[in-house]
Amino acid sequence: MKETFPKVVGGVPLESPLILAPMAGITIPPMRAFFRKLGAAAVHTEMISGAGLIRSSVKTKNMLAVCEKEDPVILQFFAGDTDTLYAAACKAEQEAHGRFAAVGINMACPMPKVLKKGAGSRLLQYPDRAVSMVRALKEFNLPVWAKVRICSDRAPLSTEMFCEKLLEAGADNICVHGRTPAQRYSGTADKESVMKLAQLFPGKISASGDVFEPEDALQYLNAGCVSVFMARGALKDPFIFPQTLATLGFSVDNRLLCPSIELQISLLIELGDHIAEMASPRLAEILIKRLLSGMFKGIPGIAELRRDCASFHGWNDLRRLMSGCEHYFERRDVLCRPM
Ligand SMILES: Cc1cc2nc3c(=O)[nH]c(=O)nc-3n(C[C@H](O)[C@H](O)[C@H](O)COP(=O)(O)O)c2cc1C
């Protein structure tokens, strides 16, 4: 599998086909650097509001920040019209020239506050606008990526025709999340439809949806998807990256395939410190607790540590608890998580 994987995906040279998906509130720079360290070949920013950026909102401008060891990063925008998107891309070019490997358009978000602006998956109902957005971004000398969902029966075009139009307009990569907007995150992703699109548009379709085990990624890639975007599966178990890489035949540091308690704790503390410094101690607390709920799989003592962490508030206290948490893991012979 390793040998058959394309070295360039959507105009971006990649070491593997595994990409950290864009996740609002989550894929901030320290999290992206963390997942790069675990094996993500590329990472996404959170979706960034085009309108917010041109209004010079400080919060939105800060979202263009990139820290060391993250490259390649794909910048993802959401916008309701082409002028806003174009102006935002001009602003990003001024503020962050050379920082990003590709620029993406969110045509997938089903959340009401994004739909209300005519953005996200609302664009599936306005194919001409979606096409003009792709054309506008092609001026920036960066690969243009789009992220879409499956079109509902009431949409003007089928998903296949929608993708065809975006590709004709110059999109370099289209990631398809196999759910309709109305499904939001419920039910199961329609992997068959995503894989069919990959067959129809060879080398152009990336997959998203329900990647919780290495085999899920393998299934998409075997069907011709050029890359797989990992989202909730990566939050549930960040070590899905090294495990999937190994399944695909890449050589992976054994310490990541069989991570010790000490390594997992030190990675979390380093990540928490980084988030506290770059964003806020409160966000460090939230995100570390979220990751903790899936890490240390199968290690006796973790349930008690998770319970105690949940009752601690503030990153400093949580950090102190985690720094001295060895006594929770009474069976020190179980250092390795079961594969
Ligand atoms: C918390 C969260 C935030 C998300 N934010 C974005 C976003 O900013 N842009 C986007 O295109 N998709 C976003 N998504 C969708 C994911 O990128 C992905 O397509 C979706 O979760 C399906 O993959 P999964 O089933 O493997 O989680 C988000 C998903 C989650 C869970």
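A residue counts as buried when its relative accessible area is under 20%, as exposed when it is over 50%, and as partly exposed in between. Keep that scale in mind as we walk through this structure, which is a predicted model.

Let us begin with salt bridges. A search of the whole structure finds 13 of them. One joins the side chains of R319 and D273, with N and O 2.7 Å apart. R319 belongs to helix α16 (residues 315-323) and D273 to helix α13 (residues 261-278), so this pair ties together parts that are 46 residues apart in sequence. R319 has a relative accessibility of 29%, so it is partly exposed. D273 is partly exposed as well, at 28%.

Another salt bridge brings together the side chains of R232 and D210, at 3.3 Å from N to O. Here R232 sits in helix α10, while D210 is in the loop between β9 (205-208) and α9, so the pair links parts that are 22 residues apart in sequence. R232 is partly exposed, with a relative accessible area of 31%, whereas D210 is buried, at 14%. These two residues also belong to a network of salt bridges that includes R179.

What about a pair within a single helix? E285 and R282 form a salt bridge whose closest N and O atoms are 3.4 Å apart. Both lie in helix α14 (residues 281-292), three residues apart, which is about one turn of the helix. An α-helix has 3.6 residues a turn, so residues three or four places apart point the same way. E285 is buried at 5% relative accessibility, but R282 is exposed at 53%.

Next, look at how two helices meet. The axes of α4 (residues 82-95) and α6 (residues 127-137) come within 9 Å and cross at roughly 20°. Angles under 35 degrees count as roughly parallel, and α4 and α6 are therefore roughly parallel to each other. Their crossing is right-handed. From α4, the residues T82, L85, Y86 and A89 meet R129, S132, M133, A136 and L137 of α6. Sorted by class, this contact has six nonpolar, two polar and one charged residues.

Finally, turn to helix α11 (residues 240-247), which is mostly covered: six of its eight residues are buried. They are I240, F241, P242, Q243, T244 and L245. Among the elements covering them are β3 (18-20), α1 (29-38), α9 (214-222) and α12 (254-257). After α11 comes G249, which has a positive phi near 95°.

Key:
Residues are numbered from 1 along each chain as its sequence is written. This is a predicted model: local features need pLDDT of at least 70, side-chain atom pairs count only at pLDDT 80 or more; totals for chains, interfaces and linings use all residues. Side-chain values use heavy atoms; hydrogens and water are left out. Axes are lines fitted to C-alpha atoms, for helices over the stretch in contact, and angles run from 0 to 180 degrees between N-to-C directions. Helices (H or I, at least four residues) and strands (E, at least two) are DSSP runs, numbered from the N terminus. Angles under 35 degrees count as roughly parallel, over 145 as roughly antiparallel, 65 to 115 as roughly perpendicular and the rest as oblique. A crossing is left-handed if the near helix is turned anticlockwise from the far one by less than a right angle, and right-handed if clockwise. Contact means heavy atoms within 4.5 Å. Ala, Val, Leu, Ile, Met, Phe, Trp, Tyr, Cys and Pro count as nonpolar, Asp, Glu, Lys and Arg as charged, and the others, Gly among them, as polar. Buried means under 20% relative accessible area, exposed over 50%, partly exposed in between (1.4 Å probe, protein chains only). A salt bridge is a side-chain nitrogen of Lys or Arg within 4 Å of a carboxyl oxygen of Asp or Glu.
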